[in-house]
Amino acid sequence: MLTLGIETSCDETSVAVVEDGRRVLSNVIHSQVDVHREFGGVVPELAARDHLKRLPQLLELALEKANVQPADLDQLAVTRGPGLVGCLLVGVGVAEGLAVAWGKPLTGANHLWGHIYAAMLGRPDLEPPLLGLVVSGAHSDLVRMPAHGRFEVIGRTRDDAAGEAFDKAARMLGLGFPGGPALDRLARQGDPGRQPLPKPSLPGLEYSFSGVKTALLYRLRDLGESVTEQDRADLAASFEQSVVESLLEKLDHALELAPVTEVVVAGGVAANTLLRRRAAEVVGTRARLTMPALELCTDNAAMIAAAGYYGGRFPAEVDPSLSW
Ligand code: KG4
Ligand code: ZN
């Protein structure tokens, strides 16, 4: 069964062909960082236009790399949300047109489920039930997935998402866009012990990153003109440590509350070096931890094809209120 996936929810345009929801035959991704860099963040209007501009070429490339013809496809899947509405409309509109032209069924896919399904692309034997942590630019969600297509959010953030916090901290540290990967690189040169920042501590399974963000802002203000390159690296390392340890503390708690044998940590922030290392240590031998390969952590269409294959059928229409 061949699924063509289309992803346009934010600033990556991507088209993929996936076999039986697991085997990636192609996954072409075009990042719009060059479009948004000068603005220091994603400009929705420009993002939507660029998706429309890139999709025809990416579509051709994805089919060519997978060595399949449109007639070989069994179904199409497109991200219906959550995401930037204008961007989602482009993906859904193009997918609808293709589905009609090719006479293929089309399903809408939840982007956040997609991040979890990305973990299954590398592990053919990975099946629910599982505990998931989805950490992206817009979400920090702890979820239980009892079966395919069934997700229950058991914890989320009260304010910023982890990726958003990394991006804002990166801006404060004078790093360019996109901030998360740049902060990750700078943190590798730093020592978190030299500039300690508070670790968020909320009850239960909730997250909050605004406190540590403010602490970073005040520390930088106190350092003022005297801030050195080493201070910046130490602060990056400290900020990263606070966010990562907070994310994992709740994951650990959720695992204690209801043990499972499979844990997935996914989403753009799952590309973070410290998170990858510490997640393995925290989960330990209690469960098997799967984190998608780096290129499958950030937005891509292979995960949307997988979510379309396994996640059940949903209308291919943009749902601006879509959360989980
Ligand atoms: O999942 P994703 O590609 O897009 C959304 O669905 O939001 O996640 C993007 C987020 C951005 O906030 C980006 O800064 C963050 O993931 N990110 C990272 C790293 N790579 C990407 N954050 C920390 N360390 C990284 N290495
Ligand atoms: Zn995403």
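Tutor: A donor here is an N, O or S atom within 2.8 Å of the metal (3.2 Å for Na, K and Ca), and sites may look incomplete since water is not among the atoms. Before we go on, note that this is a predicted model, in which local features need pLDDT of at least 70 and side-chain atom pairs pLDDT 80 or more, while totals for chains, interfaces and linings use all residues. Residues are numbered from 1 along each chain as its sequence is written, chains are lettered from A and ligands numbered from 1 in the order written, and side-chain values use heavy atoms, without hydrogens and water.

Student: Which protein atoms are the donors of the zinc ion?

Tutor: They are NE2 of H111, NE2 of H115 and OD of D299, at 2.0 to 2.1 Å from the zinc ion. H111 belongs to helix 4 (111-121) and D299 to the loop between helix 10 (294-297) and helix 11 (302-310), so this pair links parts 188 residues apart in sequence. Helices (H or I, at least four residues) and strands (E, at least two) are DSSP runs numbered from the N terminus.

Student: Are H111 and D299 buried or exposed?

Tutor: Both H111 and D299 are buried. Buried means under 20% relative accessible area, exposed over 50%, and partly exposed in between, with a 1.4 Å probe and protein chains only.

Student: How should I read the largest nonpolar core, and which residues touch the most other members?

Tutor: In general, nonpolar side chains in soluble globular proteins tend to be buried together. A nonpolar core is a set of buried Ala, Val, Leu, Ile, Met, Phe, Trp, Tyr and Cys residues joined through side-chain atoms within 4.5 Å. The largest one here has 49 residues, and L183, F239, L247, L251, V263, V265 and L275 touch the most other members. Among the elements giving two or more residues to this core are strand 6 (130-135), helix 8 (229-257) and helix 9 (273-283). Helix 8 supplies the largest share, 12 residues.

Student: What does L275 contact beyond its neighbours within four places in sequence?

Tutor: Contact means heavy atoms within 4.5 Å. By that reading, L275 meets V135, V244, L247, L248, V265, V269, A270 and M291.

Student: Which residues come nearest to ligand 1?

Tutor: A residue counts as near when one of its heavy atoms lies within 4 Å. Of the 17 residues around ligand 1, the nearest are H115, G137, D167, D184 and G268. For polar contacts, look for N or O pairs within 3.5 Å; within protein, one must be able to donate a hydrogen and the other to accept it, and residues adjacent in sequence count only if both atoms are side-chain atoms. An oxygen atom of ligand 1 lies 2.6 Å from a side-chain N or O atom of D167, and a polar side-chain atom of H115 is 3.0 Å from an oxygen atom of the ligand.

Student: Where is S140, and what does its side chain reach?

Tutor: S140 sits in strand 7 (140-147), and its side chain reaches the backbone nitrogen of A162 at 2.8 Å. S140 is buried, with a relative accessible area of 0%.
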